[in-house]
Amino acid sequence: MKKTKLLLGLGFLAAAGVILIAADHIDAPSSMGTTADIADFYGFEPSEGSDNTVFVVDLQTNVVPDLAYGSFDETILTEINIDTDGDLVEDLVIQAIPREGRMYFFGPVAPLKTGLDSEVLIDSPLGSVEISGSTAIKATTANGTTLFAGPRQDSFFFDFFQFNAVIGEMAPGGFKTAEEAVDTFEGKNTMSIVVEVPNSLLGAPTGQNALGLVVYKTWVTTNKKQ
């Protein structure tokens, strides 16, 4: 089957651990304010009684729910890259791309090629879910994967104005305490893609951490259709 060709967009995050967290929020001007702009990437290893890993990709910060819930760009492919052998090259990918109000997912399977270019893996469908608005909608596939796509409250806490004051040497007291700081992202949304996938679909992990939990090295890229 013919594959859709995509070229790597601006935005790259990498993380590994029990709770994997990376933050960026503002990418280059060409992707700023769009769903090619990666805000945060989280990976949560299985909680007690579960054998699933949850990946959360937050795209485009500063979506104001009172004005609009935002939308996903149909020319953007979001790709979760998973390294299972520790060589920092993706062994598996999970892809998400929107079409006419639904988010379609593919994988987790080996990519057709590694590196900067990607192709939509239409021969390896994972499932789809209606893109949420004010009410959250999720879908569960036959293999136990749960999918979500839509606006979520931005979980990133950052006092942007105090940060600028400290950088500009206008805040002799330095940063404020958590109680005093003002969260610049309060009341703002991001466009989120969430995949909860059984670890049996992810293959052998890189190893275990100090707590004995499995560790995958993983990062996210956004790709724009060419």
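Student: Why is T141 called buried?

Tutor: This is a predicted model, and in it T141 has a relative accessible area of 16%. Buried means under 20%, so T141 counts as buried.

Student: Where does T141 sit, and what does T141 touch?

Tutor: T141 lies in the loop between β10 and β11. Leaving out residues up to four places away in sequence, T141 touches L126, G127 and L147. L147 is also the bridge partner of A139 in β11.

Student: What makes β10 and β11 a pair of strands?

Tutor: Pairing needs at least two bridges. Strand β10 (residues 138–140) and β11 are joined by 3 bridges and run antiparallel, so they pair. They form a hairpin with 5 residues between them, and G144 in the turn has a positive phi of about 90°.

Student: How do you know that β11 pairs with β12?

Tutor: The same cut-off of at least two bridges applies. Here 8 bridges join β11 to strand β12 (residues 189–198), so these antiparallel strands pair.

Student: What makes the pair of F41 and F55 stacked?

Tutor: Planes under 30 degrees apart count as stacked; theirs are 15° apart, so the term applies.

Student: Why is F41 called buried?

Tutor: Its relative accessibility is 0%, and the limit is under 20%, so F41 is buried. F55, at 1%, is buried too.

How values were computed. Residues are numbered from 1 along each chain as its sequence is written. This is a predicted model: local features need pLDDT of at least 70, side-chain atom pairs count only at pLDDT 80 or more; totals for chains, interfaces and linings use all residues. Side-chain values use heavy atoms; hydrogens and water are left out. Helices (H or I, at least four residues) and strands (E, at least two) are DSSP runs, numbered from the N terminus. Buried means under 20% relative accessible area, exposed over 50%, partly exposed in between (1.4 Å probe, protein chains only). Contact means heavy atoms within 4.5 Å. Rings of Phe, Tyr and Trp (its six-membered ring) pair if their centres lie within 6.5 Å; planes under 30 degrees apart count as stacked, over 60 as edge-to-face and the rest as tilted.
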